[in-house]
Amino acid sequence: MRHWLLALLLCVSLTGCEINQSTIPFFGPSVVEQERPVVNIPLALRQRNWVGNQREGSCVHATMISLMRWQGRMNLANHWRQTYGNGEWPDGLSAKFDREKVRYAYTEKGDVKFIEWACRTRRGCGITVMGGAHMVALVHLDAKWAGLLDNNNVSKIKWVPREMLIAEWKASYGWAVTPVYTPAAPLPQ
Amino acid sequence: MKRLLLALCALCLFAAPCFADATYGVLAEERVINLPNDQGKWYVSVVGNAQDAQYQTILKWFNTNPSLRKLKNQVHFNAVTTDTMIYRDRYSMNVKGLPTVRMQNNQGVVIYEAAGKNLPFTPEGLYAAMADGFNKVQGIRPILPWRRNHVCPGPCPQPGPGPGPDDPTPDPEPQPIDDGNAPVIDQPVEAGLPPLWLMLLVLIVSAGAGVAVQWKETYAKK
């Protein structure tokens with residue numbers, strides 16, 4: 001009887017010795033270094049501000065064009081650059097977006113959740129600053145910092161404390177707007 | 001008559017602010033309300049030369065092959081050509097060849113990548129390779145090739161209409177807006193297997209029976 005049991009135990013212990021590599025759980029990189037800014041628009045795709053035919057700055061349009069390019073809408077961006085310009089307000093931009101069948105989202109209420117969403121989903125958004133006189137692209141927002149791409153100086157990202165940015169934005173009508181398409185993929189980790 | 005006029009005037013006075021409020025409320029309404037919480041979506045990039053036939057073929061697969069098309073609709077899909085700034089700035093230094101198919105999770109971690117001659121030459125092969133990458137990350141064992149046909153026992157879905165003309169210039173069709181997350185890769189094979197405890201039981205019983213028979217053959221004569 002003892003021999004039986006020993007033999008059975010031996011058989012059972014020998015089963016399952018083959019290692020199946022695919023069943024080994026994947027332990028990928030535990031800490032992933034997030035790209036900063038999350039909306040890392042290549043320099044060549046950043047649209048500079050320009051003076052429109054009514055001698056007005058086109059900061060809103062420049063910001064939208066940069067975001068369109070980041071979201072893969074190159075032709076739309078080129079069309080926008082050739083068609084629109086000058087100063088802009090929420091209703092005017094919405095009317096143009098509707099006319100061009102552009103998919104977009106915006107807030108005029110200074111809703112922080114909106115700008116958090118825009119950066120969390122890596123789309124970015126245009127936000128009003130300088131009391132509503134200017135629009136820049138918000139390209140990063142985390143617990144401490146906000147990254148701004150100013151169309152008057154597209155060569156660098158300006159970093160400001162998060163709370164300071166929110167205060168400035170809310171004091172500038174709290175308008176934020178973005179096209180809603182597919183953001184560029186993150187750099188491979 | 002005077003009373004009637006007075007009543008009309010009073011009605012106008014009180015009703016006007018109500019209409020104004022209603023108009024103001026409509027004007028203040030947000031046009032897009034349901035923002036897609038798709039920060040968890042994965043990314044699939046197809047990178048290549050716009051004139052390259054292999055690149056164009058792979059792009060077509062993502063429109064015509066049902067599995068790849070389903071995957072495409074679950075991820076942020078980027079078709080990137082080598083003549084764009086996005087390619088020069090974000091892909092040229094990290095692709096190993098052209099064309100490249102790369103799948104990344106929402107953090108940017110590469111889950112699957114193949115380029116040039118390392119790419120499968122059928123859409124089914126490409127999907128299977130991407131599914132293998134996905135499965136490894138999820139800790140799921142791969143589907144054995146001979147089981148793959150069991151995926152669709154009934155009539156298989158028909159491919160949708162083909163893509164438009166081969167002109168890469170137009171912007172791609174906008175992808176659906178949804179609260180995406182990691183893509184769902186079909187894993188139907190798991191359901192077809194018996195439970196683990198049953199397999200173990202059968203294994204132990206058969207091993208025991210085999211040992212018993214051999215034992216008898218060896219020692220019964222003595």
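Trainee: Which share of the contacts in chain A with a separation of 6 or more comes from residues 24 or more positions apart?
Mentor: That share is 64%. Two residues are in contact if their C-beta atoms, placed from the backbone, lie within 7 Å. Keep in mind that this is a predicted model, where local features need pLDDT of at least 70, side-chain atom pairs count only at pLDDT 80 or more, and totals for chains, interfaces and linings use all residues. Residues are numbered from 1 along each chain as its sequence is written, and chains are lettered from A, with ligands numbered from 1, in the order in which they are written.

Trainee: Okay, and how many helices and strands does chain A have?
Mentor: Chain A has six helices and six strands. Helices (H or I, at least four residues) and strands (E, at least two) are DSSP runs, numbered from the N terminus. The order from that end is α-α-α-α-β-α-β-β-β-β-α-β.

Trainee: What about A:A184, is that buried or exposed?
Mentor: A:A184 is buried, because it has 24 C-beta neighbours inside 10 Å. The cut-offs are 20 or more other C-beta atoms within 10 Å for buried and 12 or fewer for exposed, with partly exposed in between.

Trainee: Where in chain A is A:A184, and which residues does A:A184 touch?
Mentor: A:A184 lies in the segment after strand 6 (176–179) of chain A. Leaving out residues up to four places away in sequence, A:A184 touches A:W70, A:G72, B:N78, B:I86 and B:R90. A:G72 is 112 residues from A:A184 in sequence, yet their C-alpha atoms are 6.9 Å apart.

Trainee: New topic: which residues touch the most other members of the largest nonpolar core?
Mentor: Those are A:I115, A:A118, A:I127, A:L138 and A:A176, out of 73 residues. Helix 2 (residues 59–70) of chain A gives the largest share, eight residues. Such a core is a set of buried Ala, Val, Leu, Ile, Met, Phe, Trp, Tyr and Cys residues joined through C-beta atoms within 7 Å.
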